[in-house]
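Please look over the sequence and the three-dimensional model shown below. The notes that follow are grouped by topic and are meant to be read alongside it.

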Amino acid sequence: MGKKSKKPAAGESPTLEPQAAAESSTAPSTTTNKKKPASPAPQSSPASALVICRNKHWRYISSFHGPWLQLPLEVLETLANANYYMPLPRPVDPAVFYDLVKIRQLVDGATDLAVRAANGVASSALNNSLAGGAAHHMQALGLGFGNNAGAKLSPERRFRMREQATQKLSRAYHLDEIASSVATMQSTSTLENVAGLVLQRSPSDPDANYVHFFHEKIPSRQLAECTDFRALDLIIGQRPSDCEPLRTRAIVRMFKEDFEGAVQDLTSALNVYRLQQPRHNKPAVDETMQLEQKTRRRRDQPPLDEKDQPCSTEVQLLFQRAGCYLTLACDHVSHALPDSPNDQNGNSQNGTNAPSNGTANGNSAPQDAEGDAEEKGPTKKQLEMRKTVRLYAKRALRDYMEYFKHFHYSPDLPVEVSDDFSRQVNQATHRNKRYYGQSRYASQDPGSPTGASAAHKVYELASLFSATPPADLPPYPSTELVSPGSAAADSFQTTTEVVTYHPLLTDALHSLLLCHTLIQTSAKELQRHAHMVARLARLADGYPVFQASRSPARADWIEVLRRAENWIELSSSWEALCAPAPLPTPMSASGVSAATASVNALSVTGGASSVETEEQRKERMRQQAIIEALEDERVNDEASFKAAILARQRRAEADHAGSSNGGVPSQNAGPKRWAVDDGREYPILTERAEAVARWIREAPTSSGTGSSKRKKKSRAPKTAAGPDKEETAEAA
């Protein structure tokens with residue numbers, strides 16, 4: 001109860017002021033009615049006042065859940081080094097992996113300081129348990145600390161400890177605010193108040209303001225109404241060389257639906273990052289040269305110095321800016337098509353105009369179409385909006401391709417190499433003595449693997465979506481890859497496909513397909529890209545630190561395919577195409593491969609669970625459905641929340657029935673990948689999916705000609721070709 005009394009005390013970053021309404025006025029008309037009552041919003045809804053920290057509203061939080069939150073810190077460090085010294089493609093993106101290690105160190109250290117300051121003890125009783133766990137919670141409850149904890153602390157000493165804790169938390173949020181939000185949620189509640197206590201004495205402390213911005217309590221699902229930019233503006237003014245506060249302000253602008261402002265902030269953040277940290281612009285060359293010198297000696301896998309560790313900031317900024325561009329493209333779809341200013345009562349008109357606009361057989365009523373085109377207002381405006389849709393989609397595609405350049409794929413990685421990583425995970429999680437020097441395959445050069453490792457090809461993910469992709473990839477879709485007997489058929493498999501895992505990779509892959517759809521890439525080319533996305537999505541595996549998560553872009557793509565009636569003529573459903581690839585089976589009795597991976601997965605996640613009863617199973621499914629529904633950003637009211645829970649429970653029941661009856665062959669065909677999303681998504685039609693599907697049905701193909709082509713036959717080709725040339729130049 002004491003927390004609530006301290007929330008208004010930190011008046012340095014109040015969130016409920018008229019300025020919040022002014023900032024939210026840049027959003028569409030859906031938020032205009034909130035402009036005046038923005039100030040008393042939290043007090044006006046006490047009945048449903050679920051007050052939570054602001055960072056719990058952050059998107060993609062579910063993508064960063066996993067065993068990394070519970071693993072002992074020394075084990076997590078060992079796994080990060082083992083992952084880094086693996087040949088390309090590494091199992092997990094090393095920049096994210098090292099960020100997880102640093103965030104755990106910082107959050108655990110901040111927890112130690114904050115709890116000691118709250119209890120008033122000088123000595124640290126948590127030094128032997130910084131990996132997290134019961135000690136933190138016992139200390140937060142005041143248990144386990146008697147008079148032997150040392151002398152009581154003075155108020156000044158408590159303040160200094162809280163100040164240190166706030167600095168650690170600020171650094172964690174600078175590294176990755178999504179992963180840090182997940183880590184602080186799993187920690188003690190003492191962290192929620194530590195920044196506010198520092199602000200009472202140092203109102204302009206930038207670290208305290210930054211941490212308090214994330215930890216401040218606001219009404220649930222009211223982030224846009226209850227957040228202004230004053231605290232972030234103050235931090236940006238104090239530290240203009242930091243790009244991370246700009247990233248945070250951009251994310252808040254997204255919640256306020258100011259995507260153009262978010263793009264500006266993210267672009268500024270990218271410029272600041274590249275200016276301040278030029279050494280991160282070419283990490284691949286530096287890593288390769290450094291590691292090739294080290295890997296000549298068998299046992300050299302020392303922990304990498306922090307200054308040499310890769311950084312994930314640029315990847316975060318590219319992903320977020322690409323999402324903003326894609327949203328802007330979808331927002332302009334309604335203005336680029338006929339009848340867009342009207343409400344849903346114009347569907348009948350859309351039904352008659354869609355064939356004349358989207359297809360070539362408009363000769364049934366050319367005069368009516370021509371008259372409608374003249375009555376509908378200036379066709380020039382629609383052409384401008386269509387050009388804008390394609391332009392934003394091309395910019396989003398450009399950023400996604402830059403994002404993909406940071407990750408790698410191999411079509412023929414030797415199975416023994418993946419077994420070697422599983423062996424190291426097993427040794428680390430079981431606390432074997434020899435953590436280092438276990439990897440026999442440590443070359444980082446895709447062209448010349450080290451010594452014992454057989455040569456294998458490595459490609460950047462971006463090259464797989466180029467106009468001329470590699471020609472030596474295994475065919476996909478291929479029946480033996482998804483058939484029930486695939487595990488037996490591949491019993492003597494010596495190589496396997498591998499892709500570097502990133503928590504946001506699945507969402508970026510499906511967003512790329514949405515971009516190509518808006519650009520109006522040909523159906524044949526889009527089918528090739530879709531098959532490539534399915535190939536990579538089925539391989540994405542966050543073992544041993546990440547769990548699978550739901551992807552909003554994947555759900556939208558599935559809905560677009562359904563509403564557009566599979567216009568790219570995929571041979572199977574998207575769920576079947578993305579079915580998790582079977583793990584390779586061991587080549588010999590001493591092999592590790594699938595069996596070891598399954599055992600290791602159990603050891604990482606805490607061991608095998610006993611057989612649960614039917615009631616326990618249903619309760620587990622219900623709790624999981626509630627968690628997933630809370631994380632679903634499409635849920636915005638009580639009705640959609642209940643619908644989300646019901647839909648997920650039905651899906652879980654269907655999956656359980658199918659697996660128990662043998663109706664889902666992929667579940668029982670062989671060892672299943674450890675952290676792969678099974679693919680079915682929450683079936684609520686989002687505005688983005690609706691816009692993309694409508695664009696497919698109604699947008700004229702071939703450079704924006706449509707009714708204008710029938711309207712003025714001689715001038716239409718010239719006026720239609722002009723915008724496309726300008727658009728190409730702008731996109732370049």
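Three strands form an open sheet in the order S4-S3-S5, with antiparallel pairing, where two strands count as paired if DSSP finds at least two bridges between them and where strands (E, at least two residues) and helices (H or I, at least four residues) are DSSP runs numbered from the N terminus. This is a predicted model, in which local features need pLDDT of at least 70 and side-chain atom pairs count only at pLDDT 80 or more, while totals for chains, interfaces and linings use all residues. Residues are numbered from 1 along each chain as its sequence is written, and side-chain values use heavy atoms, with hydrogens and water left out.

- The edge strands are S4 (459–460) and S5, each of which pairs on one side only.
- Strand S3 (residues 408–414) runs antiparallel to S4 and is joined to S4 by two bridges; Tyr 409 stands opposite Tyr 459 in S4.
- Helix H20 (residues 415–429) packs on the sheet and touches both S3 and S5, a contact meaning heavy atoms within 4.5 Å.
- The direction of H20 makes about 105° with that of S3, the axes being lines fitted to C-alpha atoms, for helices over the stretch in contact, and the angles running from 0 to 180 degrees between N-to-C directions.

**Thr 496**
- Thr 496 lies in strand S5 (residues 495–499) and is buried, with a relative accessible area of 8%; buried means under 20% relative accessible area, with a 1.4 Å probe and protein chains only.
- Although 86 residues separate Thr 496 from Pro 582 in sequence, their C-alpha atoms are 9.9 Å apart in space.

- H5 is mostly covered, since 23 of its 26 residues are buried, and just after H5, Gly 120 takes a positive phi of about 75°.
- Ten of the twelve residues of helix H9 (residues 190–201) are buried, so H9 is largely enclosed by the rest of the structure; among them are Glu 192 and Asn 193.

**Confidence**
- The mean pLDDT of the protein is 74, and 62% of its residues reach 70 or more, pLDDT being the predictor's confidence in each residue, from 0 to 100.
- Over residues 340–367 the pLDDT stays under 50, and the model has 31 contacts beyond four places in sequence for this stretch.
- Residues 586–603 also have pLDDT below 50, with 34 contacts in the model beyond near neighbours in sequence.
- Where pLDDT is low, the predicted coordinates should not be read in detail.

Methods
Buried < 20%, exposed > 50% of the residue type's maximum accessible area, 1.4 Å probe, protein only.
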